[in-house]
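Open the model in your viewer and have the selection tool ready.

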Amino acid sequence: MQPEISVLDNGLRVVSLHYPQFETVSLGIWVNTGSAYETASLNGISHFLEHMVFKGTASRSAAAISEDIENVGGQTNAYTSREFTAFYAKMLKDDLELAVDVLCELVTSPRFAEDELVKEREVVVQEIKQTYDDPGDIVFDYMQAEAFGNQAMGRPILGTAELVRGYGAEELRAYMKTNYAAENMVFCAVGNVDHARLHTLVEKRLGALQAKTSFTADAQRYTGGFFAEKRDSEQAQVVLGFDGFSYTDERYFAAMLLSTVLGGGMSSRLFQEVREKRGLAYSVYSFPTFYTGAGYTGIAAATDREQINKMLPVIVDEIKKISAAEVGDEELKRAKAQVKAAILMSLESSSAVSEKLARQLLLFNRVIPVAETIAQIDAVGAGDIQRTAETIFASRPTCALVGNIDGHLEYDELCRLLKAG
């Protein structure tokens, strides 16, 4: 079963995948914009806008938006990341037109009423404070800031309380005018949906949308660095990062498999060495992060103050081992099975499939067949993973520490350990 793709006259892409056995449809609007496309003075506006469009449109109040969807048993939500903003819903198949209508209103006719702006500014400020109060959350913002210093990519998605409190209807409308246009938007639906009908519904509501964006995106460049914040807590949150790759880099799947072998599950090297053999942490894992122009490979762990300086050298040793020798046949086979299984299992979720189709169209201007992805994974050899590890872990590291960190290794010592031997 192949997805169907059509294009409106203004350039907006409509994609669908028909699952006749489903009684539901997962659908949404994906926009290629986020905090990485904000100026410093507008940091956090993408996320604030995501909140504000739900606070009333030309024909619906904030309550009516929720009630119209929930009255028929549907669900709707949104998210903002560094490079994407999405507004999505899941409905019974017979309520497709209602869902399309509500979602399209969010991006074409938000009211931005002053009384709602006043309230929602403080809601977002509370979200910012909640993130700051959670060491396990804020450590990743600190990591991002050091990894991409003085760049839009390094600034927090939520922005700052001071900036958010200054955003009004004028700023939101101007941001929508520059960043929300047909060329960087995709409408996607997966489930029991007829593509021709979907196209007609979307064309009626988004056909008049402006065609072109008018913003300039910052270049993305990994820099590396160090951040430590002592807090009165039981544990220390530790994140290490190293230079990585963009979505389109030929080493994409090698980096993904490298991360899986190193810290992608309970059988991974880090989990076995740090937790199972030595008991130095409850949580330890690695993760690859890809963007349109850059990326990084990260390692995250949580432990107490007494264990930090025992744990970090063990992590460094595992980094050195995977950079110095090819992974074994069984490890490679297991990592490929994990990555392929995750991809294939996600196909059983209409919401996950709609997300994947929309993002692929925005990133690559095509839908990538699953068979092609599986073939690319299978083509990665042990030597590819070692060479990728050598490249990644030779870069200047990033380290972020938050919590009970007294006596932690200093950045220079960490760099020395990474280079030693």
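Select residues 96-108, helix α3, and residues 195-206, helix α8. Helices here are DSSP runs (H or I, at least four residues), numbered from the N terminus. The axes of α3 and α8 come within 10 Å and cross at roughly 30°; axes are lines fitted to C-alpha atoms over the stretch in contact, with angles from 0 to 180 degrees between N-to-C directions. That makes α3 roughly parallel to α8 (angles under 35 degrees count as roughly parallel). The model is predicted: local features need pLDDT of at least 70, side-chain atom pairs count only at pLDDT 80 or more, and totals for chains, interfaces and linings use all residues. Residues are numbered from 1 along each chain as its sequence is written, and side-chain values use heavy atoms, leaving out hydrogens and water.

Next, show the side chains between the two helices. In α3, the residues in contact (heavy atoms within 4.5 Å) are L96, E97, V100, D101, C104, V107 and T108. Their partners in α8 are R197, L198, L201, V202, R205 and L206. By class, this contact of α3 with α8 has eight nonpolar, one polar and four charged residues.

Now select the cysteines. How many disulfides (pairs of cysteine sulfur atoms within 2.5 Å) does the whole structure have? A search finds zero. For C104, the nearest cysteine sulfur is that of C188, 13 Å away.

Finish at C415, whose nearest cysteine sulfur, that of C399, is 9.0 Å away. C415 is buried, with a relative accessible area of 16%.

Terms used. Angles under 35 degrees count as roughly parallel, over 145 as roughly antiparallel, 65 to 115 as roughly perpendicular and the rest as oblique. Ala, Val, Leu, Ile, Met, Phe, Trp, Tyr, Cys and Pro count as nonpolar, Asp, Glu, Lys and Arg as charged, and the others, Gly among them, as polar. A disulfide is a pair of cysteine sulfur atoms within 2.5 Å. Buried means under 20% relative accessible area, exposed over 50%, partly exposed in between (1.4 Å probe, protein chains only).
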